[in-house]
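Biologist: Before going further, let us look at the model together and take the questions one at a time.

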Amino acid sequence: MVTKQQLKGLPEDADLRRADSLAREIFSDVANKWALLIIEALGERTLRFSELRDEVEGVSHKMLTQNLRMLERNGLLERKVYPTVPPRVEYTLTEPGRALRTAVDAMCGWTHRYLGHIEDARRRFGE
């Protein structure tokens with residue numbers, strides 16, 4: 001998190017601490033498990049809806065659709081529709097989406113690195 005001093009000169013919409021800022025809205029959009037898993041699944045690839053659903057185990061059709069629309073609205077992925085019957089739709093990360101994937105990859109690495117530690121802590125907690 002940045003300090004108020006670091007935010008000086010930036011628009012109010014850049015302050016994640018402000019409930020009404022655009023930065024907070026974007027952060028809230030992309031910081032959910034489905035969005036992060038979709039970004040990770042796409043990586044450098046282009047995938048169709050059904051391929052994404054297979055890659056992201058447990059996501060419902062509705063949640064995948066909502067998250068794909070949100071990621072597209074925020075400019076993180078591109079949706080390409082081919083005029084076939086039935087229509088073929090493909091999804092690819094944009095440059096900002098690929099940049100965000102770097103952070104997602106770091107979170108995945110952190111999870112793998114500390115998984116044993118977290119499992120131990122949960123056992124001590126009684127889970």
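Biologist: What covers the buried residues of α5?

Modeller: This is a predicted model. The buried residues of α5 (61-73) are L64, T65, N67, L68, M70 and L71, where buried means under 20% relative accessible area. Their cover includes the helices α2 (22-30), α3 (33-42) and α4 (49-55), and the strands β2 and β3.

Biologist: What span is expected for α5 at 1.5 Å a residue?

Modeller: Helix α5 has 13 residues, and from its first C-alpha to its last it reaches 18 Å. That reach is close to the expected span, which is 18 Å.

Biologist: Which residue with a positive phi follows α5?

Modeller: The phi in question lies near 75°. The residue that follows α5 with this value is G75.

Biologist: Why is one side of β1 and of β2 left without a neighbour in the sheet?

Modeller: The sheet is open, with 3 strands in the order β1-β3-β2 and antiparallel pairing. β1 (46-48) and β2 (77-82) each have a single partner strand, so one side of each lacks a neighbour, because both stand at the edges.

Biologist: What is the bridge partner of R48 in β3?

Modeller: β1 and β3 (residues 88-93) run antiparallel and are joined by 3 bridges. In β3, R48 has as its bridge partner E90.

Biologist: Which element has the lowest mean pLDDT?

Modeller: The protein has a mean pLDDT of 91, and 92% of its residues reach 70 or more. Among its elements, β1 has the highest mean, 98. The lowest, 56, belongs to helix α1 (residues 4-7).

Conventions:
Residues are numbered from 1 along each chain as its sequence is written. This is a predicted model: local features need pLDDT of at least 70, side-chain atom pairs count only at pLDDT 80 or more; totals for chains, interfaces and linings use all residues. Side-chain values use heavy atoms; hydrogens and water are left out. Two strands pair if DSSP finds at least two bridges between them. Helices (H or I, at least four residues) and strands (E, at least two) are DSSP runs, numbered from the N terminus. pLDDT is the predictor's confidence in each residue, from 0 to 100. The expected span of a helix is 1.5 Å times one less than its number of residues. Buried means under 20% relative accessible area, exposed over 50%, partly exposed in between (1.4 Å probe, protein chains only). Contact means heavy atoms within 4.5 Å.
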